[in-house]
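Subject: Structure handover

Hello,

Please find the structure below, with the sequence alongside. My notes on what was found in it follow.

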Amino acid sequence: MASDDDNSMNFIRSRSPSSSYSYKPLGADDTDSHDERQPFSNMTLDSEDVYQKPGWGRKQFLVLFVCSLLFMAVGVGIGFGVGRNHSNQEIPTASGAEKETATSPPSGSHAVDTILRNINKENIKANLRNYTSRPRMSGTSGGYELVQILYNSWKSFGIDEVKVAPYDVLMSYPNRTNPNRLQLLTSSGDLVFQSALFEPALDSLSNNSEIIPPFNAFAAAGISEGDLVYVNYGRIEDFRYLTLNKSIDLKGKTLIARYGKIFRGDKVKNAQRYNASGIIMYTDPSDFNRGNTTYPNSWWMPPSGLQRGTVGSDGDYLTPLYPATDYAYRMDESEVLQLKIPAQPISYGDAQHFLSEMAGEEAPPDWRGDLPITYKLGPGFSNSSLRIRLEVNNFEEKRTVENVIGYIKGKTEPDRYILMGNHHDAWVFGAIDPLSGTAVLSELVRVFGDMLKSGTRPDRTIVFCAWGAEEHGLIGSTEWVEEYMKVLYERAVAYLNVDYAVDYNYVLYAGTSPLLQDSLYEATKLVPNPDSSSSAKTLYDAWKARDSSDGAEPSVYYSLGSGSDMATFYQRAGVPSIDMWFTYDENKWDILSYPVYHSAYETVYLYENFIDPDYTYTATMAQLWGVLAWNIANEDILKYDVRRYATAITTFIGSLKKTFGEKWAKQNVNIGALESAAQNLTAEAATFYNKVHHMRSSSSAASVLQNRMINDRLTQFERAFIDCEGLPGRPMYKHVMFAPSMYDSYSDNSFPGIVDTMNEIEHQHAVEKWAVLKQQVSIATFTIQSAANTLKDIGL
């Protein structure tokens, strides 16, 4: 790994006191402009910086003041006499430092048309080919190079400001000189079979010496030896089945699980919870290969492919809940690294060698994959002389991860932010995840930069965010949100996430806060349908035709989970968020993700031959993302509909009552108060909606202050569901309505504090948790009623 440690790049990293910095090419003048180095929290968004020059006294200022009055009088007279109704207007920048000339103030529809018309597929293709030319893992030379590429190109596009936000964090890497391995050995120690140390190259692109060997980030280094047990997907219910129904003791065993259903890190936690000594994870063809051919002849995972991925938690381990700045207090690694057992991914081609030798009962039908073997539970092997040996040599190291942040400052509300985010780091080439999204984001920076040059500036500030180290556990975005939490909590309007743009060219898939659902629908109605063979004219119509649960609206999900960078914005800062991408037909292919996920075979060749050959859907994502951001940045009154939130909450409470009502009644759980709070919220939401609807439709325009008051209540409504104390045992998750499940970080629970506590009561016989359950119901009741109060004019 020595070659990856070296930051010998052709630029200098120059930090500012805020820990943000700008890149300077070697040989550049050392004096950067003040504006380029301003930290986000200190940006002058609505007034010009004023510098007092030395040597000026009262007399000089008096002379200057009188002269200024004379010039102003002359200017006003000229302007009133000849230019009062002139259509050419000067639009000042948000800082007032520069001015732009526009022929006329652009209308909303004109700006949207400009975005739709100017997205260029060839630019996106060029971006993707450039970005995927080498592996791009954060903390390596390829990762640092991509940050430089993004920074330089965004600067050249002419947006107001671009900077890099670095954080020194704990990262995890495989040992390149002593790679991880899984071995099948005889009792005398002779090697029968060993898993591949690297994925074999199947094309010229995947024949690259920079590709890291297979590993799971933050899996502990160590050795696990002995009997092998098959645990299906490694879910908590799978472990209960083996231990309770089959009386298999997992203590000291090495486990093998297929990837999917839940976050891989939760599989490791479950294994550790049941005292296993190690766990292996593989991609079963039932979940990742439904075709007759595999890559490079199709998009299906080949037998040699495997899924890398973190098994750690979100954010920097050493600075939990606080940003990893230069001045941060850092905990000792031994205090914070929770996973103590080794874990390792292998391919299904390799997994077959181990699974086919296993002893024990035959696995139940729904535990069987598509390998040509008889799936057995174990423990151990049919040949009792065989044993398993898992060796993991991962190491942790502090390295710098970097976010690229760009700004277009709003002309009327510069202190209100619409954030557009995507991560730039990949396990290997990342043609789908994430660089299809990064290629789109850079094209949008170009388009918005061109609009800015022509005088088209949004009302609110648009922030472009390219995050580092997402793959290692949302590290770049988490640290940045933690650093600017107070600012975002007061000023962020929306966070719009596109982790990757397209993993297949069929249908839009979106998770959203209930508040942003209508904004998303409105944007899709303005974007043309990318399928030219369809009679549907708009993306909305195509989406509705292909994915609608009730025929009335396209389907969205409210459970955003923690699978990408929207997690910290949504679940800790309470910023209304969206995550969206184009994907495959799930009715046609019942698979767990796109097949070559996180493998060395996720190349631009794959993308251009099997994912989106002509980049039509990729360009459509650019159009949708751009239109959505522009609309939210320019609406006089935000299109957020609080009634959707109230409806969702009422539905969730009904589900809780149906599932747990009888048990709660016996324990005197106050579900009546919870229902009453939901009814109050529903009533207040309807009243507030009617008031806003009347303001929108009224012939007399509302004042800027009135609009601002309404918009502030709409954006702060999401924050009303944030509990500063966090969930029981998980203080980093603070959203009372939506948070990752304790047993699957990829998916959310509705009322997570309640659902997770009931899970412990029912399945772990934790009767002492009834008091915690009653407290969580009380907190949910208080939170819902508080949200209702925020909608009232006074609220007290």
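The accessible surface of the chain comes to about 31700 Å², and carbon and sulfur atoms account for 51% of that area. Please keep in mind that this is a predicted model. The chain has 796 residues, and 59% of them are buried. Its secondary structure consists of 24 helices and 23 strands. Taking the contacts between residues at least 6 apart in sequence, 78% join residues at least 24 apart.

Four strands form an open sheet in the order E10-E11-E12-E14, and their pairing is parallel. The edges are taken by strand E10 (228-230) and strand E14 (343-346). Each of these two has a single partner strand, so one of its sides has no neighbour in the sheet. On average, neighbouring strands here are turned by 25° against each other, direction ignored.

Strand E12 covers residues 278-282 and is joined to E14 by four bridges. Helix H11 (residues 348-355) lies across E10, strand E11 (254-258), E12 and E14. The angle between helix H11 and E14 is about 110°.

Salt bridges

Side chains of opposite charge can pair when their charged atoms come close. The count for this model is 38 salt bridges.

Arg235 pairs with Glu237, and their closest N and O atoms are 3.6 Å apart. Glu237 has a relative accessible area of 42% and is therefore partly exposed.

Asp531 and Arg546 form another salt bridge, at 2.6 Å from N to O. Asp531 sits in the loop between helix H15 (517-524) and helix H16 (539-546), while Arg546 belongs to helix H16, so the pair ties together parts that are 15 residues apart in sequence. Asp531 counts as buried because its relative accessibility is 16%, which is under 20%. Arg546, at 30%, counts as partly exposed.

Arg713 and Asp793 also meet through their side chains, with an N to O distance of 3.4 Å. Asp793 counts as exposed, with a relative accessibility of 55%.

There is also a network, in which salt bridges that share partners join Glu413, Asp415, Arg416, Arg460, Arg708 and Asp712.

Around Ala111

Which residues does Ala111 touch, leaving aside its neighbours within four places in sequence? They are Met451, Thr456 and Trp630. Ala111 itself is found in helix H4 (residues 108-118). Its relative accessible area is 2%, so Ala111 is buried. Val627 is 516 residues away from Ala111 along the chain, yet the C-alpha atoms of the two are separated by 8.7 Å.

To look through the model, you could start with the sheet and helix H11 lying across its strands, go on to the salt bridge of Arg713 and Asp793, and end at Ala111 in helix H4.

Regards

Terms used. Residues are numbered from 1 along each chain as its sequence is written. This is a predicted model: local features need pLDDT of at least 70, side-chain atom pairs count only at pLDDT 80 or more; totals for chains, interfaces and linings use all residues. Side-chain values use heavy atoms; hydrogens and water are left out. Two strands pair if DSSP finds at least two bridges between them. Axes are lines fitted to C-alpha atoms, for helices over the stretch in contact, and angles run from 0 to 180 degrees between N-to-C directions. Contact means heavy atoms within 4.5 Å. A salt bridge is a side-chain nitrogen of Lys or Arg within 4 Å of a carboxyl oxygen of Asp or Glu. Buried means under 20% relative accessible area, exposed over 50%, partly exposed in between (1.4 Å probe, protein chains only). Accessible areas come from the Shrake-Rupley method with a 1.4 Å probe; for residues, only the protein chains shown count as cover.
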